[in-house]
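Please have the model open while reading.

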Amino acid sequence: MPGVVQITQVPADVEDRPDEAGMRRLRRLVRERTGLDLAPYKGPFLERRVAIRQRVTRHGSLGEYLVFLGRESAEMDRLLGTLTIHVSGFFRNPSTYEAIRAQVLPRLFADGAPRRARFWSVGCSRGEEPYSLAILVREHLGPALGEWDVRIEATDVDAHVLEDAKRGEYAPGQVGAVRADLRERYFSGERRLHVAPELRRMVRFHRGDVLTGAPVGEYDCILCRNLLIYLDRPAQAAVFERFARALRPGGFLVLGRTEIFVGADRAAFEVVDARERIYRRLPHAGAAPGGEA
């Protein structure tokens, strides 16, 4: 098929230089088959993850694994599951959510503010983060929620985990971090706990890659936690530039606790909470693109 990488035998240069030629061929194969560009991901991270699949499938060399990967579509899905990390949980790092509750939401939902709020959960995995955020917003606004137009956009590159997120079903152990009264209020069921319909209506899930684009609109708060650590510095800077354009002046950016803001767009933000990696886009930093999310 034109334009699609076909590997039927072990390329000689892969055996000679697996770190360079082999990984280059793997990136091209993944891009052609799935559309996911692995070029910005850190080399050591990719090599470790590919090595895991290589050992599991019992292939002695990267070249042999590439032949297998090109032949078996199911293995491509498994590899993507390994490369796109899905470590999440409801209210993961509770102190971060407490900081959002205390320092972000009061400013977003202040008296006199526009009666709309747009959030973007980047790398949402199986939905725990956007649903946690929805709970936080509902608890903050209470009866006043009906006066606001609140929407949470949630994106991930993995279509399979997005289907899980849309279903909103979790094992009891997966919601163990949710406070008992909130669990009773927003979940139902026994063997499988179902997210309440009012939470599901607040969240819209989309397949999307933060490296290539963003949902259309102007955001009041973006959460991108524990994803940027897998990207190289140029890719991180490009993502921060995208966030700066997607956030309205005065909007908030929440990063993972181990992530550092890099790139020229750092000057467009002020620190709200250094420990929890919460930043606010300066009001004079220029207008973000308008439009409904």
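## Helices α3 and α5

The model is predicted. Helix α3 spans residues 43-56, and helix α5 spans residues 73-83. Their axes come within 9 Å and cross at roughly 135 degrees. Angles over 145 degrees would count as roughly antiparallel. The pair α3 and α5 is therefore oblique. The crossing of α3 and α5 is right-handed.

On the α3 side, the contact uses F45, L46, R49, V50 and R53. On the α5 side, E75, R78, L79, T82 and L83 take part. The contact of α3 with α5 has five nonpolar residues, one polar residue and four charged residues.

## Helices α4 and α5

Helix α5 also packs with helix α4, residues 62-71. Here the axes come within 5 Å, at a crossing angle of roughly 110 degrees. Angles from 65 to 115 degrees count as roughly perpendicular, so α4 and α5 are roughly perpendicular to each other.

Helix α4 contributes Y65, F68, L69 and R71 to the contact. Helix α5 contributes S73, E75, M76 and L79. By class, the contact of α4 with α5 has five nonpolar, one polar and two charged residues.

## Helices α6 and α7

Helix α6 covers residues 94-108, and helix α7 covers residues 128-141. They pack at an angle of about 50 degrees, with their axes 11 Å apart. That makes α6 oblique to α7. The crossing of α6 with α7 is right-handed.

From α6, the contact residues are Y97, I100, R101, L105 and P106. From α7, they are E129, S132, L133, L136, V137 and H140. Seven residues of the contact of α6 with α7 are nonpolar, two are polar and two are charged.

## The second largest pocket

The lining consists of F91, P94, Y97, E98, R101, I135, L136, E139, H140, A177, R179 and L182. By class, it has seven nonpolar, one polar and four charged residues. Y97, R101, L136 and H140 are among the lining residues, and these four also belong to the contact of α6 with α7.

Note on methods:
Residues are numbered from 1 along each chain as its sequence is written. This is a predicted model: local features need pLDDT of at least 70, side-chain atom pairs count only at pLDDT 80 or more; totals for chains, interfaces and linings use all residues. Side-chain values use heavy atoms; hydrogens and water are left out. Axes are lines fitted to C-alpha atoms, for helices over the stretch in contact, and angles run from 0 to 180 degrees between N-to-C directions. Helices (H or I, at least four residues) and strands (E, at least two) are DSSP runs, numbered from the N terminus. Angles under 35 degrees count as roughly parallel, over 145 as roughly antiparallel, 65 to 115 as roughly perpendicular and the rest as oblique. A crossing is left-handed if the near helix is turned anticlockwise from the far one by less than a right angle, and right-handed if clockwise. Contact means heavy atoms within 4.5 Å. Ala, Val, Leu, Ile, Met, Phe, Trp, Tyr, Cys and Pro count as nonpolar, Asp, Glu, Lys and Arg as charged, and the others, Gly among them, as polar. On a 1 Å grid over the protein atoms alone, a cavity is a set of points where a 1.4 Å probe fits but cannot get out, and a pocket is an open set with protein on both sides within 12 Å along at least five of seven lines; lining residues have an atom within 4 Å of a point.
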